[in-house]
Amino acid sequence: MEPIVQLWLKASIKAHDFISRSWWEARAQDMRELYLPLSDVLVVAIDDASGELVGFAALIENVLAALFVLPGWERRGIGSRLLELIRKLRADLCLTVYERNCRAVTFYTKHGFVKVGRRIEEATGQAEWVMALRPADAHS
């Protein structure tokens, strides 16, 4: 579990530079003891050459609760492969993503998700998009 938490922390700090590093560090314990154990499915990506954990995705029912790639390993198709595996497990998927995380919003849009709502996350005060698979894409 600890390598997953450390990957999550590094990736969260990098992807969400609009939220302080200390805020993320303070949430590591919750990730370790609450969020990851609540996951129904946890899919990991391991680099064949080094054996290093380079990405993971977590599902809670039909919610894609987490999809993170280790900084330095982005744009190598890892996130796309993780999402492809997740989509084989769940026909209907939804997620939330920070509005200011434009790279993630673009990634999910490219993979068939559409914005279905907007909300303010209570813990950070940040705006989030609620996204879901387009109906035509849900069974592909």
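Select helix H3 (residues 78–89): at 1.5 Å a residue its twelve residues should span 16 Å, and its end C-alpha atoms are 17 Å apart, which agrees. The expected span is 1.5 Å times one less than the number of residues, and helices (H or I, at least four residues) and strands (E, at least two) are DSSP runs numbered from the N terminus. This is a predicted model, in which local features need pLDDT of at least 70 and side-chain atom pairs count only at pLDDT 80 or more, while totals for chains, interfaces and linings use all residues. Residues are numbered from 1 along each chain as its sequence is written, and side-chain values use heavy atoms, with hydrogens and water left out.

Within H3, colour Ile78, Gly79, Leu82, Leu83, Ile86 and Arg87, which are buried (under 20% relative accessible area, with exposed over 50% and partly exposed in between; 1.4 Å probe, protein chains only). Seen down the axis of H3, these buried residues fall within an arc of 165°, so they line one face of the helix; the arc is that of the directions from the helix axis to the C-beta atoms. They pack against S1, S2, S3, H4 (102–110), S5 (113–120) and S6 (127–133), where contact means heavy atoms within 4.5 Å.

Next, step back to Arg75, in the loop between S3 and H3, where phi is near 65°, a positive value in a residue other than glycine; Arg75 is exposed, with a relative accessible area of 77%.

Finally, select Glu61, in the loop between strand S2 (53–60) and strand S3 (63–69). Phi of Glu61 is near 55°, again positive, and Glu61 is exposed at 59% relative accessible area.
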